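Dear colleague,

I am handing over the structure we spoke about, and below it you will find some notes on what turned up when I went through it.

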Amino acid sequence: MSPVTPHVVVVGAGNAALSAALSAREAGARVTVLEKAPPSERGGNTYFSGGGFRFPYDGLDDIRRLIPDLSDAETARIEVGRYSAAQFRSDLATVSDGLIEDGLADTLVREAAPTMRWLREQGGRWVLMSGRQAYEVGGKLVFFGGLIVEAVGGGAGLSDRLFESAAARGVDLRYEHKLLRLRGDGGRVVGVDARTPAGDLAIEADAVVLAAGGFEANTEMRTRYLGPGWDLAKVRGARFNTGDAIRAALDAGAQPFGNWSGAHAVAWDLNAPPTGNRGVGDLYQKHSYPYGIVVNVDGRRFLDEGADYRNYTYAKYGRAILQQPLRTAFQLFDQKTVPLLRDEYRVRYATKAEAGSMRELAERLGADPDALERTVAEFNAACPDGAFNPATLDGLGTRGIEPPKSNWAQPLDTPPYVGFAVTCGITFTFGGLKIDHRSAQVLDTEERPIPGLYAAGELVGGLFYNNYAGGSGLMAGAVFGRIAGRSAAQARSG
């Protein structure tokens, strides 16, 4: 008798979900993917991401294995350094204040590089992040912060390529299928109930993988778990990430885990729409703040713009902006640093002003002119002499002011001055489900695996607390998606 092909249902259709689908298919399962969105809005938060992946590498040879078409002339002009597994592990611990769950961290670090190679086998393609993660120093492009590659076409390109790969490998992709609940039988998950345009539908399965994102697009859940003011935050990505899969799992006895009061939130254009715009993607973000200063409408600084590379601060500074008057801040630059600004500052929909004096800039932006003049004068006086280097932590820090600026502190003294108005844009929530780091199986409130239930992506808790290292979200989604898909394919309803 020939063995019965297991059926795996994957809920969600972003990077983590499709990694799970491809992995389960590779392991011999029949796979059905349920996407809540219509085809025109498919892909979850992955579509809105920059497409960057963080993983350890020993040098340029490791990068060339992922991007084999790099020419000798191109490689002669770049300096990627080395990003060790120990450094990756240290970064994860540092940005999470030491709270990251050890098993998840160790698995992510160990499996990141192999998963990058596996993604390439599945059709993934990469390019260097030279436009966002490198500066020219001494005639070479010097990369910084352990983040080197991004998917071709960014998040949109990554999403499209994953869908193409899934379809080519026989994955059944079903759109406008919203998860209602998990189906159980004697404590085992044996399928799902879904709502479709044609009515509610019961789908049986040997195993279910939940990978449908967090609850950042759910105003009520944001306010309940993140706190006052979060109902007014703008949502960077998909409007469909409303916590359906998390709630279904909790109803089935899953253990809530991680930083439920925390979220990845960034500086986002003040006049961006309430949820993600697929035509704009992530270009509402404003991440060059380390090379200027950030003030609120009262004209006062409120954070250390140069505390670290932006990779290690940008995901927590959205919360700091949300706490300011009118949930608004202004990023200010002079002509010494304007050439260093990332591409998103040059798009036509950036909310900006330019002026020949700080007073005039304040008036155009809507900040307190007197206070801003005082703030800038105080900041300029606190800047030391020294060599400014945007590609490294240059130690050029202010003296005698609070908050300090720990690196890249240069006086704003070269007009015309430019200011960009930003608010808080929430990317994803940190709280979610507890999983076994070896199998990605969901655990119940007594730490026991729930038979037939697995999870990956932004709805997994325990990885991120208070902050985030750039590129680690997509990497974690792919790592645990791959594990979840393989594990689910080996499950039997029995």
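Strands E6 (residues 134-137) and E7 run antiparallel and are joined by four bridges, in a model that, please bear in mind, is predicted. Within this pair, valine 137 has lysine 140 of E7 as its bridge partner, and the two strands form a hairpin with two residues between them, where glycine 138 in the turn has a positive phi of about 60°. Strand E7 (residues 140-143) is also joined to strand E4 (residues 78-79), here by two bridges and in parallel, with isoleucine 78 partnered by leucine 141 in E7.

Elsewhere, three antiparallel strands make up an open sheet in the order E10-E11-E12. Strand E10 (178-185) and strand E12 (199-204) each have a single partner strand and stand at the edges, so one side of each is left without a neighbour in the sheet. From one strand to the next, the twist averages 25°. Strand E11 (residues 188-196) is held to E12 by six bridges, and threonine 196 is paired with glycine 199 in E12.

The last item is helix H10 (residues 358-365), in which Met358, Leu361, Ala362 and Leu365 are buried. These residues lie on the same side of H10, because the arc they cover around the axis is only 100°. Among the elements that cover them are strand E18 (329-333), strand E19 (352-355), helix H11 (369-382) and strand E20 (417-429). Just after H10 comes glycine 366, which takes a positive phi of about 100°.

Note on methods: Residues numbered from 1 in each chain as written. Predicted model: local features only at pLDDT ≥ 70, side-chain atom pairs only at ≥ 80, totals over all residues. Heavy atoms only, no water. Buried < 20%, exposed > 50% of the residue type's maximum accessible area, 1.4 Å probe, protein only. Arc of directions from axis to C-beta. Contact = heavy atoms within 4.5 Å. Pairing = 2+ DSSP bridges. Axes fitted to C-alpha atoms, helices over the stretch in contact; angles between N-to-C directions.
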